[in-house]
Amino acid sequence: MTNEAKKAVGYKAAEKVTDGKKLGLGTGSTVEYYLERLGQRIKDERLNVVGIPTSIETEKKAIEFGIPLTTFDEIQTLDLYVDGADQIDPCFRMIKGGGGALLREKMVASCSAYKVIIVDESKVVNRLGTTFALPVEVVPFGWKLCEKRIEEMGCTPWLRIMNGSVPFLTNNGNYILDCRFPEGIKEPEELELRLTKIPGVLCTGLFINLADEVLVGHENGIEILKK
Ligand code: 5RP
């Protein structure tokens, strides 16, 4: 069910792309369906679009599907951003960064005129952080200091690890602290302000005011939510 729902919303989002658009390309398994369908449309309809990927993984997929790419050296504003999320609440506040692409995702989302989030229904929650840890990207230098300060905010952070004891590195060469809040995140806006004031914290996975429309994939169809 989940993969079908992901495919349905990914394909639906690809219908939003029109000729000449500058696109922000999110990261993750749901976005992969969007990229696949977008690639088909570019080929079939000779769409002239260009995209900025939010991760090396997405860059590779975009190349595979024939989506032309550019960088922020060339353009600094985008028309349409499509991305997945790990959790989204009724106010369209999200946790992102399960795939570790949060910093680039936030940069790309923030310069996009219209932002569409594609999720299956398992991602929709009443309160963020109850069942998914909040990723926070920190510089490797002094990461223990960040961990200590974040812990003082009432959560349990731990360093994301890959392959045994090797820390996971983001595409920017940084670490991720996954922060579990025992009762979820009560005040996401306030938490975002407090976390981003800690020297060494580069970005949190809290995405606030970064969604205009949400496509939710259900077993029996797609629900379209707008702000
Ligand atoms: C990556 C992200 C993804 O959008 C998020 O993890 C959702 O991924 P998926 O569509 O695979 O469930 O934030 O950093």
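On the domain 1 side that touches domain 2, α4 gives the most, with 4 residues.

A quick note: this is a predicted model, with local features needing pLDDT of at least 70, side-chain atom pairs counting only at pLDDT 80 or more, and totals for chains, interfaces and linings using all residues. Numbering runs from 1 along each chain as its sequence is written, and side-chain values use heavy atoms, leaving out hydrogens and water.

To colour the domains, select 3-124 + 208-226 for domain 1 and 134-204 for domain 2; these bounds come from an automatic or database domain assignment. Their centres, taken over C-alpha atoms, are 25 Å apart.

Next, pick E189 and R93: their side chains form a salt bridge at 3.1 Å, N to O (a Lys or Arg side-chain nitrogen within 4 Å of an Asp or Glu carboxyl oxygen).

**Stop two: the sheet**

Now show the open sheet of 4 strands, ordered β8-β11-β7-β12 with antiparallel pairing. Strands are DSSP runs (E, at least two residues), as are helices (H or I, at least four), numbered from the N terminus; strands pair if DSSP finds at least two bridges between them. Select 156-159 for β8 and 201-204 for β12, the edge strands. Finally, zoom in on L159, whose bridge partner in β11 is L177.
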